[in-house]
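Below are my notes on this model, as numbered points. Please read them with the structure open.

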Amino acid sequence: MDKSKRLFLKSKRSFRRRLPPIQSGDRIDYRNMSLISRFISEQGKILSRRVNRLTLKEQRLITIAIKQARILSSLPFLNNEKQFERRESTARTTGFKNRKKQAYFSIESKF
């Protein structure tokens, strides 16, 4: 088979068409938390248009709705669980350093 003819052959691999993430009846609003939460990552970041498979207009409306929900405190700005874990680990190390200093100064005061 010639290379030029091979380019026009269709691929035999079938694909499943994905359903759109927003149905025609869904209203994009800051109060619709079930819809908004689908477009936010675990860290609380707004997912990109490529990941969401949204049109430009839908992505803009989702972004505005998420920002409004954050301002009205119905949605957190970021997920604090990982920060809390980091703070605990740093507190432990600083406590260890302080104990070392206290032990050093208590030895000096004995002399």
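1. Q59 sits in helix α4, which spans residues 56-71. Helices here are DSSP runs of H or I with at least four residues, and they are numbered from the N terminus. The model is predicted: local features need pLDDT of at least 70 and side-chain atom pairs count only at pLDDT 80 or more, while totals for chains, interfaces and linings use all residues. Residues are numbered from 1 along each chain as its sequence is written, and side-chain values use heavy atoms, with hydrogens and water left out.

2. Is Q59 buried or exposed? Q59 is buried, because its relative accessibility is 11% (buried means under 20% relative accessible area, exposed over 50%, partly exposed in between, with a 1.4 Å probe and protein chains only).

3. Leaving aside residues up to four places away in sequence, Q59 is in contact with I46, L47, S48, R49, N52 and L54 (contact means heavy atoms within 4.5 Å).

4. S48, one of the residues that Q59 touches, belongs to the loop between α2 (33-36) and α3 (49-52). S48 counts as partly exposed because its relative accessible area is 33%. From C-alpha to C-alpha, S48 and T63 are 9.9 Å apart in space, and 15 residues separate them in sequence.

5. Most residues other than glycine have a negative phi. R53, in the loop between α3 and α4, has a positive phi near 60 degrees. R53 is exposed, at 54% relative accessibility.

6. S73 is in the loop between α4 and α5 (81-110). Its phi is positive too, about 65 degrees, and S73 is not a glycine. With a relative accessible area of 64%, S73 is exposed.

Technical notes:
Helices (H or I, at least four residues) and strands (E, at least two) are DSSP runs, numbered from the N terminus.
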